Amino acid sequence: MTRQTEEKIEVVSEKSERKVVVPGEVIVVGDDYLPGEGARREGEKVVSSRFGLAEIVGRVIRVLSLFGTFIPRRGNVIIGRVTDVTFRGWVVDVDAAAAGFLALDECPRFINPDEMDRFLAIGDIVSAKIWNVKTKGCDLTLDGKGLGKLEGGFIFRIIPSRVPRVIGREGSMVGLIKEKTGCQITIGQNGWIWVKGNTTDAEIRARKAIEFVAEKVLVEGLTEKMEAWFEKNK
Amino acid sequence: MAHKRPDGRKSDELRKMSAKVGVVPNADGSAMFAFGDTIAIAAVYGPRLLHPQHMQDPSTGILRCNYDLLSFSVSDRKKPGPNRRAQEISKVTEWALLPVLELKEFPNTVIDVQIYIIQADAGTRTAGINAASLALAHAGIPMKDLVCSVAVGKQDKELVVDLSKEEEDFEEGEGATDFPIAKIANKDAYTLVQMDGKMSPDLMAEALALASKACEKVYEVQKKALKDEVEREAKE
């Protein structure tokens, strides 16, 4: 029983352990650890398979990438641009290796197949969820809260791997930015961000705030820093 | 040490190296690597959809390298565009990097690596491979390890590391030999071994040992460049 408590304390203290690793670098030595995403085991050692931040959570070791393109995963909400209207759906550029396809059946309301471009035309921006990833693209759906065509405002792009930082724990960071600027913000996992506010100044302020967060990869206690930033940039 | 090198280096001493990551803002990953006056820039794009479509491989992603010696990089203007030499170096660079990449996760896609030599003073392919390896890591592509590359040379009968252009043109005695190699950083495995000149088999083993030692120094520079990029962002 006592041993168990001891172990628990250890796990808590290990939780904040993060370090920058390069491919092939030994992260930890020991049989207790489990290599997760971006890590692999080589005999006694756990070795990194990519350049990024190694994170030790309990026994699991993951390496989170900090740069690079978006790799679609099931369940990701993305923002994309319609590039083609076909007879059964829309082809959407999701800023990944392969295009996304939004089938007509995946729209929440009835759309007349003869007038599909009334709903989404070429060049329109849409937020959608990936429900299936195939080798030659991914399937999108509009079935979900807040998904659909995005009108007004503007979009810009950040490095996709910084998106979790911008969203924050349970949306705390984006919630703070929304509250301080009064803008509507939709963040796609592919790094595209849509901002719409009452004034252009508010929109630009929101964009600057998001870019500020996206730059800070190693900083702890970012929410407090963000509040200070808003004080400074009124 | 009978032979004296023109720039006064020791036989196992490399030229001053410098490396920087994130030099091309529009690329997914990029890096600069320099051996003295030889400067290479590499930019990585992808994984992205591969065109022409018939080149697509449904079982794995592919790597496509393009090495280019820019027209102003040498003292006599080089005619711009690809030539036989550039094609060969592009291909061997591809082969040097492929063993460390894990491209099975990205079927039907391509990773494009553009390598530009903006200043040439011998050892351009090795500088190019070092830069490309950094740029691929920077682009977040899954890799087993980094690739380090360096050239070992021979001046008459003396082995030296990292030849400069002046040393490459050495003509006394047996003349100069250029022996560029690339090594997987934490493994005793070589991904590029070329040779221009002549070398006896027993000297070859010695040359490889010299190269592995030099590669360790290259690896330290590469590692520092990658880590500095994250720390620089954190500081700003």
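User: What are the ground rules for numbering and for confidence?
Analyst: Residues are numbered from 1 along each chain as its sequence is written, and chains are lettered from A and ligands numbered from 1 in the order in which they are written. The model is predicted: local features need pLDDT of at least 70 and side-chain atom pairs count only at pLDDT 80 or more, while totals for chains, interfaces and linings use all residues.

User: How do you know that the length of helix H5(A) fits its residue count?
Analyst: The expected span is 1.5 Å times one less than the number of residues. H5(A) has 16 residues, 200-215, so it should span 22 Å. Its end C-alpha atoms are 23 Å apart, which agrees.

User: What does Pro142(B) touch?
Analyst: Two residues are in contact if their C-beta atoms, placed from the backbone, lie within 7 Å. Not counting residues up to four places away in sequence, Pro142(B) touches Ser49(A), Arg50(A), Glu102(B) and Glu105(B).

User: How many residues of each chain are in contact with the other?
Analyst: On chain B there are 31, and they are in contact with 23 residues of chain A. H4(B) gives the largest share of chain B's side, six residues. By class, that side has 15 nonpolar, seven polar and nine charged residues. Here Ala, Val, Leu, Ile, Met, Phe, Trp, Tyr, Cys and Pro count as nonpolar, Asp, Glu, Lys and Arg as charged, and the others, Gly among them, as polar.

User: Which residues of H5(A) are buried, and what covers them?
Analyst: The buried residues are Glu203(A), Arg205(A), Ala206(A), Arg207(A), Ala209(A), Ile210(A) and Val213(A). Their cover includes helix H3 (163-167), helix H4 (172-181) and helix H6 (222-232) of chain A. It also includes strands S14 (154-157), S15 (184-187) and S16 (192-196) of chain A.

User: Why are S14 and S15 of chain A called edge strands?
Analyst: Two strands pair if DSSP finds at least two bridges between them. The open sheet runs S14-S16-S15 (chain A), with antiparallel pairing. S14 and S15 of chain A each have a single partner strand, so one side of each is left without a neighbour in the sheet.

User: How do you know that S15(A) and S16(A) pair?
Analyst: They share four bridges, in the antiparallel sense. Among the partners, Gln184(A) faces Lys196(A) across the bridge, and Thr186(A) has Trp194(A).

User: Which side chains of S15(A) are buried?
Analyst: Ile185(A) and Ile187(A) point to one face and are buried.

Notes:
Helix = DSSP H or I, 4+ residues; strand = E, 2+ residues; numbered from the N terminus. Buried ≥ 20, exposed ≤ 12 C-beta atoms within 10 Å, placed from the backbone.
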